[in-house]
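Student: I have a model open and would like to learn how to read its features. Can we go through them one at a time?

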Amino acid sequence: METLIMARHGESEFSVRGAVNGEVGVACPLTAIGVEEAKRLGAELTDERIDLCVTSRFERVRQTADVALADRGIPRLIVAEFDDPRYGSFEGGPLEDYRKWASSSPSGLAPPGGGESRLAIVGRYARGFRLVLDRDEPTILLVAHSLPLAYALAANDGAPPAPRVPLVEYARPYRLEASQLREIVAVLEDWCASPAW
């Protein structure tokens, strides 16, 4: 990989309600606004060479990629490491409730009901970014969720994972060179080895 273009999915039926969805089997398509956002992303990427599109397993992410890339015939790769967190008892509830719990809980603590700890989440995002970094395709588009992108953007500025991170804008492209992604992976892996919270 030489260049990574990252983008969050467009507005979805859960995100417009401010609700969380970490269960892959739960239907969560884009809203009409989300479809338009995905079309705008596609228009921004029209002149970009893209050799591979990586997505999570979630419907809203795959739909964003489908709309943005339309008939370009770009190969796809689903990487489950970029999935949204498993929210446990917070599943389907307000995002803000989960964010309050997560920002006040140790990173190694998983939410009740089969949720996933933030330490585990950051670890799998780091594995996902390393997998992308090791690909042979020169330019890769990653369509994913807000959290992996937020951690990557913060790490690109030298900041380790924080208990609370800002939400990433829908369907906006962010470009990273391989050297930047290497540093991002190092920041995430170093933090996982010795989490600060």
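This is a predicted model: local features need pLDDT of at least 70, side-chain atom pairs count only at pLDDT 80 or more; totals for chains, interfaces and linings use all residues.

Student: How many helices and strands are in the chain?

Tutor: Count the elements, then read their order. The chain has six helices and five strands. From the N terminus on, they run β-α-β-α-β-α-α-β-α-β-α.

Student: What does the radius of gyration say about the chain?

Tutor: Set the value against the one for a compact globule. For 197 residues that would be near 16 Å. The chain has 16 Å, so the two agree. For the outline, take the principal axes: the C-alpha atoms fill a box of roughly 45 × 35 × 25 Å.

Student: Now helix packing. At what angle do α4 and α5 cross?

Tutor: Read the angle together with the distance between axes. Helix α4 covers residues 118-133. Its axis and that of α5 come within 10 Å and cross at roughly 75°. Angles of 65 to 115 degrees count as roughly perpendicular. Therefore α4 is roughly perpendicular to α5.

Student: Which residues of α4 and α5 meet?

Tutor: From α4, they are Arg118, Ile121, Val122, Tyr125 and Phe129. From α5, they are Leu147, Pro148, Tyr151 and Ala152. By class, this contact has eight nonpolar residues, no polar ones and one charged.

Student: How do α5 and α6 pack?

Tutor: Helix α5 spans residues 146-156, and α6 spans residues 178-193. Their axes lie 9 Å apart, at an angle of about 105°. So this pair is roughly perpendicular as well.

Student: Which residues make the contact between α5 and α6?

Tutor: On α5, Tyr151, Ala152, Ala155 and Asn156 take part. On α6, Gln180, Ile184, Val187 and Leu188 do. The contact has six nonpolar and two polar residues, with no charged ones. Note that Tyr151 and Ala152 of α5 also meet α4.

Student: Last, the pockets. How is empty space found?

Tutor: A probe the size of a water molecule is rolled over the atoms, and this shows where space is left empty. Here, the largest pocket holds about 400 Å³.

Student: Which residues are closest to the centre of the largest pocket?

Tutor: Asp84, Tyr87, Leu95, Ser146 and Leu167, out of 27 lining residues. Two elements, α3 (95-103) and α5, each give two or more residues to the lining. The largest share, four residues, comes from α3.

Student: What is the class make-up of that lining?

Tutor: It has 14 nonpolar, seven polar and six charged residues.

Conventions
Residues are numbered from 1 along each chain as its sequence is written. Side-chain values use heavy atoms; hydrogens and water are left out. Axes are lines fitted to C-alpha atoms, for helices over the stretch in contact, and angles run from 0 to 180 degrees between N-to-C directions. Angles under 35 degrees count as roughly parallel, over 145 as roughly antiparallel, 65 to 115 as roughly perpendicular and the rest as oblique. Contact means heavy atoms within 4.5 Å. Ala, Val, Leu, Ile, Met, Phe, Trp, Tyr, Cys and Pro count as nonpolar, Asp, Glu, Lys and Arg as charged, and the others, Gly among them, as polar. On a 1 Å grid over the protein atoms alone, a cavity is a set of points where a 1.4 Å probe fits but cannot get out, and a pocket is an open set with protein on both sides within 12 Å along at least five of seven lines; lining residues have an atom within 4 Å of a point. Grid points are joined across faces, edges and corners, and a volume is the space filled by probe spheres set on the points. The radius of gyration is taken over C-alpha atoms; the globule rule is 2.2 Å times the number of residues to the power 0.38.
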